[in-house]
Amino acid sequence: MRRLSAAASLFLLSAGCLTREISSEDRLDRETANMAVKDTPEASDLEKVSCLNTDEDLLKARNVNRPETDRLMDYITLYSSLRKRTQTFEEAMLRNPDLQYREGAGAIVAAKDTCIQQTEDVKVEFETYMRELVDVPTVQEIKGGNAVTIARLDFDTLRQAIETLAPDDKEQLLNRVSTAEKKVSPAKAPEEEPAGTPGGTKRRGGK
């Protein structure tokens with residue numbers, strides 16, 4: 001019985017740690033996702049959705065001292081989150097137009113309008129940055145006295161950004177990324193050991 005009690009205590013302690021690790025942003029997204037499965041979210045559900053808590057995430061995405069891939073990923077995450085919240089408001093009001101006219105509906109309508117505006121503002125900033133990276137996806141680096149072309153960021157993340165934004169010229173942008181990827185100097189493969197070489201040592205030009 002003591003062993004069972006100790007195990008239960010450990011489980012509760014672990015659960016508590018996990019709960020503390022969930023950020024307010026993740027919690028809000030989880031609540032929004034739960035609402036999406038409901039046929040008609042109630043006004044009390046929509047009151048939990050807000051797009052005002054984006055300053056910290058935007059500052060991270062704008063930080064020019066961080067790696068380009070990390071910054072782009074932050075834009076992807078923030079824009080996707082805002083778009084999901086906006087869709088929650090729009091779908092709820094489409095299914096139940098009375099939500100806009102009930103008592104206290106002004107706060108819900110204002111929150112929806114804020115989400116729409118925030119989503120559009122972040123989209124403009126996100127797309128501007130994405131296009132800048134597509135325009136200059138590689139840089140020159142000196143290695144061994146020679147200039148080599150290297151990727152400015154992870155190309156798969158850049159493709160994900162394009163897919164997330166889905167602009168009208170999406171296919172052209174994706175093609176430009178593929179073209180740039182082909183121009184990147186391949187990493188020099190390690191010299192392989194010829195089969196049957198005793199001792200597992202590399203042979204370097206000798207007989």
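**Exercise 1. Surface and overall make-up**

Find the accessible surface of the chain and the share that belongs to carbon and sulfur atoms.

*Solution.* Start with the total: the accessible surface comes to about 13700 Å². Carbon and sulfur atoms account for 52% of that surface. These areas come from the Shrake-Rupley method with a 1.4 Å probe, and for residues only the protein chains shown count as cover.

Residues are numbered from 1 along each chain as its sequence is written, and side-chain values use heavy atoms, with hydrogens and water left out.

Now the interior. Of the 207 residues in the chain, 30% are buried. Buried means under 20% relative accessible area, exposed over 50%, and partly exposed in between (1.4 Å probe, protein chains only).

Last, the elements. The chain has eight helices and two strands. Their order along the sequence is α-α-α-α-α-α-β-β-α-α. Helices (H or I, at least four residues) and strands (E, at least two) are DSSP runs, numbered from the N terminus.

**Exercise 2. Confidence**

Decide which element has the lowest mean pLDDT and which the highest.

*Solution.* pLDDT is the predictor's confidence in each residue, from 0 to 100. The chain average is 80, and 70% of the residues score at least 70. Helix α1 (residues 2-21) has the lowest mean among the elements, 45. Helix α7 (residues 155-165) has the highest, 98.

Over residues 1-20, pLDDT stays under 50, and the model has one contact for them beyond four places in sequence. Residues 199-207 also fall below 50, with nine contacts beyond near neighbours in sequence. Contact means heavy atoms within 4.5 Å. Where pLDDT is low, the predicted coordinates should not be read in detail.

**Exercise 3. The disulfide**

Locate the two cysteines that a disulfide joins, and say whether they are buried or exposed.

*Solution.* A disulfide is a pair of cysteine sulfur atoms within 2.5 Å. The count under this rule is one. Cys 51 is joined to Cys 115, S to S 2.0 Å. The pair links distant parts of the chain, 64 residues apart. Cys 51 is in the loop between α3 (43-46) and α4 (55-62), and Cys 115 is in helix α6 (residues 105-135). The link is right-handed, with 90° about the S-S bond. Both Cys 51 and Cys 115 are buried.

Check a residue that touches this region. Gln 118 is in helix α6. Beyond four places in sequence, Gln 118 contacts Cys 51, Thr 54 and Leu 82.

**Exercise 4. The aromatic cluster**

Work out which residues the ring pairs link into a cluster.

*Solution.* Rings of Phe, Tyr and Trp (its six-membered ring) pair if their centres lie within 6.5 Å; planes under 30 degrees apart count as stacked, over 60 as edge-to-face and the rest as tilted. The structure holds three aromatic pairs.

Take Tyr 75 and Tyr 129. Their ring centres are 5.7 Å apart and their planes lie at 45°, so this pair is tilted. Tyr 75 lies in helix α5 (residues 68-95) and Tyr 129 in helix α6, so the pair ties together parts 54 residues apart in sequence. Tyr 75 is buried at 2% relative accessibility, and Tyr 129 is buried at 4%.

Take Tyr 79 and Phe 126. Their ring centres are 5.8 Å apart and their planes lie at 55°, so this pair is tilted. Tyr 79 is in helix α5 and Phe 126 in helix α6, so the pair joins parts 47 residues apart in sequence. Tyr 79 is buried at 5%, and Phe 126 at 0%.

The cluster is Tyr 75, Tyr 79, Phe 126 and Tyr 129.
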